[in-house]
Amino acid sequence: ALGSGTAAGLALAQWSGRLLPWWLAFWISVPDHAEAESGWWFKPEAWHWFADKVGEALQDAPGKTMALADQLVEVALSTPAVLQRALQGLLEARRSYQPPEDLRRTL
């Protein structure tokens, strides 16, 4: 996304004849944006947090994989019934509307 946005800005600046001002504005603003978007990774606490999360993910990987496989099997087995109910609902909706018996008596 960042690369495509930069390329689009570069192309628009070239097309409008403002490539040099765009280039200067881009490189002058990069340090401010880089600090705001990725300055957190320059702190050791961030790397400790990241290593902790990776360790947790590796420890929980077998359990999460089994849970995911279980959910995928459940979805695969229930899909035909869900599709059949949806199709029946569509077919019933296509039939002409018949008011309930109580309403037909009052009409």
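Guide: Take 1.5 Å, multiply by one less than the number of residues in a helix, and you have its expected span. Keep that in mind as we look around this predicted model.

Visitor: How do you know that the span of helix α2 agrees with its length?

Guide: Helix α2 covers residues 19–38, so its 20 residues should span 28 Å, and its end C-alpha atoms are 27 Å apart, which agrees. There is still a bend of about 40° at Val30 in α2, with a proline, Pro31, following within four residues.

Visitor: What about α3, how far apart are its end C-alpha atoms?

Guide: They sit only 63 Å apart, although α3 has 51 residues. A straight helix would reach 75 Å at 1.5 Å a residue, and α3 falls short of that. α3 also bends by about 55° at Ala61, and Pro62 is the proline that follows within four residues.

Visitor: Zooming out, which secondary structure does the chain have?

Guide: Four helices and zero strands, running α-α-α-α from the N terminus on.

Visitor: Is the chain compact or spread out, and how do you know that?

Guide: The globule rule gives 13 Å for 107 residues, but the radius of gyration here is 30 Å, well over that, so the chain is more spread out than a compact globule. Its C-alpha trace spans about 80 × 50 × 25 Å along the principal axes.

Visitor: How much of the chain counts as buried?

Guide: Buried residues, those under 20% relative accessible area, make up 5% of the 107 residues. The accessible surface comes to about 9700 Å², and 66% of it belongs to carbon and sulfur atoms.

Visitor: What makes Trp40 and Trp49 a pair, and which kind are they?

Guide: Ring centres have to lie within 6.5 Å, and planes over 60 degrees apart count as edge-to-face. The rings of Trp40 and Trp49 have centres 5.5 Å apart and planes at 75°, so the pair is edge-to-face. By this rule the count is five aromatic pairs, and one aromatic cluster takes in Trp40, Trp41, Trp47, Trp49 and Phe50. Trp40, at 41% relative accessibility, counts as partly exposed, and Trp49 is partly exposed too, at 43%.

Visitor: What makes the contact of Glu56 and Lys53 a salt bridge?

Guide: The cut-off is a Lys or Arg side-chain nitrogen within 4 Å of a carboxyl oxygen of Asp or Glu. For Glu56 and Lys53 the N to O distance is 3.7 Å, so by that cut-off they qualify. The structure holds one salt bridge.

Visitor: How far is Lys53 from Pro31?

Guide: Lys53 and Pro31 are 22 residues apart in sequence, and their C-alpha atoms are 28 Å apart in space.

Methods: Residues are numbered from 1 along each chain as its sequence is written. This is a predicted model: local features need pLDDT of at least 70, side-chain atom pairs count only at pLDDT 80 or more; totals for chains, interfaces and linings use all residues. Side-chain values use heavy atoms; hydrogens and water are left out. Rings of Phe, Tyr and Trp (its six-membered ring) pair if their centres lie within 6.5 Å; planes under 30 degrees apart count as stacked, over 60 as edge-to-face and the rest as tilted. Buried means under 20% relative accessible area, exposed over 50%, partly exposed in between (1.4 Å probe, protein chains only). Helices (H or I, at least four residues) and strands (E, at least two) are DSSP runs, numbered from the N terminus. The bend at a residue is the angle between axes fitted to the seven residues ending there and the seven starting there. The radius of gyration is taken over C-alpha atoms; the globule rule is 2.2 Å times the number of residues to the power 0.38. Accessible areas come from the Shrake-Rupley method with a 1.4 Å probe; for residues, only the protein chains shown count as cover.
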